[in-house]
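Let's walk through this model together, one question at a time. Have the sequence and the 3D view open as you read.

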Amino acid sequence: MEETSYSEFLKLHRRQRHCCRRGIQLLLLGLVVTVLCAGLLALILLWHWETARNLKQLEEATAQKVSQVSKDLERHKGDQMAQKSQAAQMLQDMERIQAEQKRMESQESELSRNLDGLRADLSNLKSHSLNERREALDSLGRLQEEVGKLWMEIRESVGSVCNICPEEWIYFQKKCYYFGEGTKKWIQARNACSKLHGRLVSIRSQEEQDFLTKHSNKRGSWIGLRDLDIEGEFIWMDSSPLGYSNWQLGEPNDAGQGENCVMMQGSGQWNDVFCGSYLNSWVCDRLATC
Ligand code: MMA
Ligand code: CA
Ligand code: CA
């Protein structure tokens, strides 16, 4: 009986020991789990704290940036406004300048119109006074010629002989004639006659023409006839119109670039030719003296 209770005691003791070990194991396990959980919690807390700190920093930086950007925006707005007002001012200035320019242009065109008018007036005045001068000179020339003729008539009526010509001039019917030789344009021939106190010859009658045909160069000579002012209206050097004429058949024809000066050909017949042509001969006349 005693043996049975001892074994039961042993059994009980063994069971108690087993039970105690399991308790310790469980306790240890609980401890380890608690430590792990605490660590995990600490880690989570740490992570959470770190994240919160980063977030806060980020938030602060963002707020700073936003305020900076809004400041920049404000400044830009200000600049933009200033630029806009500047642009409006410039536009106004430009419009003012354009208006001024238009005004000046119209003034300029007005002035140039006035100037044109003045120029036209001046040239009219010039040509008018030139015409008057020419007419006065022509009248004077005609008067002198008339006086000369009258003087001759008076001298002849009292028995004087009026047939005096300078040396190298030939007398014919109260006039003296010079037969010039040398290559000249019409205007040069006119000047040559005027230097000799004569004029390029005027031909008034068939007798005079016959005399000239007889004495003149057979290659043709300049005579004092031209249609310079009005085409086809031929005028002698003393401004008298054409009376007697001796045109060659088909002349005057104002051929080519225009023919406004007259030559006497070898036959004695006349032809209008280009005034710039060169002829070898020219004939001058002047009144004979008593
Ligand atoms: C032609 C004839 C004239 C004109 C001369 C110019 C030869 O004659 O047309 O009338 O004057 O040419 O050289
Ligand atoms: Ca002509
Ligand atoms: Ca001709």
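Q: In which loop is Glu 168 found?

A: First, some ground rules: this is a predicted model, where local features need pLDDT of at least 70, side-chain atom pairs count only at pLDDT 80 or more, and totals for chains, interfaces and linings use all residues. Residues are numbered from 1 along each chain as its sequence is written, chains are lettered from A and ligands numbered from 1 in the order in which they are written, and side-chain values use heavy atoms, with hydrogens and water left out. Helices (H or I, at least four residues) and strands (E, at least two) are DSSP runs, numbered from the N terminus. On that numbering, Glu 168 is found in the loop between helix 1 (2–157) and strand 1.

Q: Is Glu 168 buried or exposed?

A: Buried means under 20% relative accessible area, exposed over 50%, and partly exposed in between (1.4 Å probe, protein chains only). Phi of Glu 168 is near 75°, a positive value in a residue other than glycine. Its relative accessibility is 61%, so Glu 168 counts as exposed.

Q: What is the bridge partner of Ile 170 in strand 2?

A: Two strands pair if DSSP finds at least two bridges between them. Strand 1 (residues 170–172) and strand 2 (residues 175–184) run antiparallel, joined by three bridges. They form a hairpin with two residues between them, and Gln 173 in the turn has a positive phi of about 45°. Across that pairing, the partner of Ile 170 is Tyr 177.

Q: Which residue of strand 8 is the bridge partner of Gly 180?

A: Strand 2 also runs antiparallel to strand 8 (residues 279–287), with eight bridges joining them. In strand 8, Gly 180 is partnered by Trp 282.

Q: What spacing do the donors of the calcium ion (ligand 2) follow along the chain?

A: Donors are N, O and S atoms within 2.8 Å of the metal (3.2 Å for Na, K and Ca); water is not among the atoms, so sites may look incomplete. For ligand 2, the coordinating residues are Asp 227, Glu 231, Asp 254, Glu 259 and Asn 260, at 2.4 to 2.9 Å. Glu 259 takes part through its O atom, while Asn 260 uses OD1. Written along the chain, the spacing is D-x3-E-x22-D-x4-E-N.

Q: How much of the accessible area of ligand 1 does the protein cover?

A: The residues around ligand 1 (those with a heavy atom within 4 Å of it) are Glu 251, Asn 253, Glu 259, Asn 271, Asp 272 and Val 273. A polar side-chain atom of Glu 259 lies 2.5 Å from an oxygen atom of ligand 1, and one of Asn 271 lies 3.1 Å from an oxygen atom of ligand 1. Of the 330 Å² of accessible area (Shrake-Rupley method, 1.4 Å probe) that ligand 1 has on its own, the protein covers 42%.

Q: What is the omega of the peptide bond from Glu 251 to Pro 252?

A: Pro 252 lies in the loop between strand 5 and strand 6. The bond from Glu 251 to Pro 252 is cis, with omega near -5°.

Definitions and conventions:
A polar contact is a pair of N or O atoms within 3.5 Å; within protein, one must be able to donate a hydrogen and the other to accept it, and residues adjacent in sequence count only if both atoms are side-chain atoms.
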